[in-house]
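The exercises below ask the reader to work through a protein structure step by step.

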Amino acid sequence: MLSTIIENLPEILTSLGSVAALWFTYNQYTKNKLTDYKVEKWKNEERAKDMKKFGIIASIYGELWELLYALKADRVFIIQPHPLYRATLLTATLEVKKYGVATAIDDFVNVKLDSMP
């Protein structure tokens, strides 16, 4: 009996190796599918967040355009103080302007509050 096992040892090891390879392949496949699912779910969540954010920004731009024409101004922009815990700087974040008017948003980036009148 022992001699039969020894004679068939290569076939036994090959079959055990095949079963182990099959198990590892299946395990890796399921992990890849789970990872793909998590990535797709994360992408969908980020896309939903972006759409909500862009919708809010679009409505803010709409309000700025209404102000631009209601006030008959050349430009309208939003200036925000930052950082939140101790406002020391001003930065212009959103701007709308009439055609042909130069942008002023670049002039209002990290301006110190001490230098503003």
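The model is predicted: local features need pLDDT of at least 70 and side-chain atom pairs count only at pLDDT 80 or more, whereas totals for chains, interfaces and linings use all residues. Residues are numbered from 1 along each chain as its sequence is written, and side-chain values use heavy atoms, with hydrogens and water left out.

**Exercise 1.** Compare the span of helix α2 with its expected span, and describe the residue Lys72 that follows α2.

Solution. 
Step 1. Helices (H or I, at least four residues) and strands (E, at least two) are DSSP runs, numbered from the N terminus.
Step 2. The expected span of a helix is 1.5 Å times one less than its number of residues. Helix α2 has 62 residues, and its span from first to last C-alpha is 90 Å, close to the expected 92 Å.
Step 3. Lys72 lies in the loop between α2 and β1. Its phi is near 55°, a positive value in a residue other than glycine.
Step 4. Lys72 counts as exposed because its relative accessibility is 69%; the classes are buried (under 20% relative accessible area), exposed (over 50%) and partly exposed (in between), with a 1.4 Å probe and protein chains only.

**Exercise 2.** Find the salt bridges of the whole structure and describe where the partners lie.

Solution. 
Step 1. A salt bridge requires a side-chain nitrogen of Lys or Arg within 4 Å of a carboxyl oxygen of Asp or Glu. The search of the whole structure finds two.
Step 2. One joins Glu46 and Lys49, with the closest N and O atoms 3.5 Å apart. These residues are separated by about one helical turn, because they are three residues apart in helix α2. An α-helix has 3.6 residues a turn, so residues three or four places apart point the same way.
Step 3. Glu46 is partly exposed at 26% relative accessible area, and Lys49 is exposed at 53%.
Step 4. Another salt bridge joins the side chains of Arg75 and Glu95, at 3.5 Å from N to O. This pair links distant parts of the chain, 20 residues apart: Arg75 is in strand β1 (residues 75–82) and Glu95 in strand β2. Arg75 is partly exposed, with a relative accessible area of 30%.

**Exercise 3.** Describe the surroundings of Glu95.

Solution. 
Step 1. Glu95 is part of strand β2, which covers residues 89–97. Because its relative accessibility is 12%, Glu95 counts as buried.
Step 2. A polar contact is a pair of N or O atoms within 3.5 Å; within protein, one must be able to donate a hydrogen and the other to accept it, and residues adjacent in sequence count only if both atoms are side-chain atoms. The side chain of Glu95 makes such a contact with the side chain of Thr103 at 2.4 Å. It also reaches the backbone nitrogen of Ile105 at 3.5 Å.
Step 3. Contact means heavy atoms within 4.5 Å. Beyond its neighbours within four places in sequence, Glu95 is in contact with several residues, including Tyr61, Val76 and Phe77.

**Exercise 4.** Which residues make up the largest nonpolar core?

Solution. 
Step 1. Such a core is a set of buried Ala, Val, Leu, Ile, Met, Phe, Trp, Tyr and Cys residues joined through side-chain atoms within 4.5 Å.
Step 2. The six residues are Leu64, Leu68, Ala73, Val76, Leu94 and Val96. Helix α2 (9–70) and strand β2 each supply at least two of the residues in this core.
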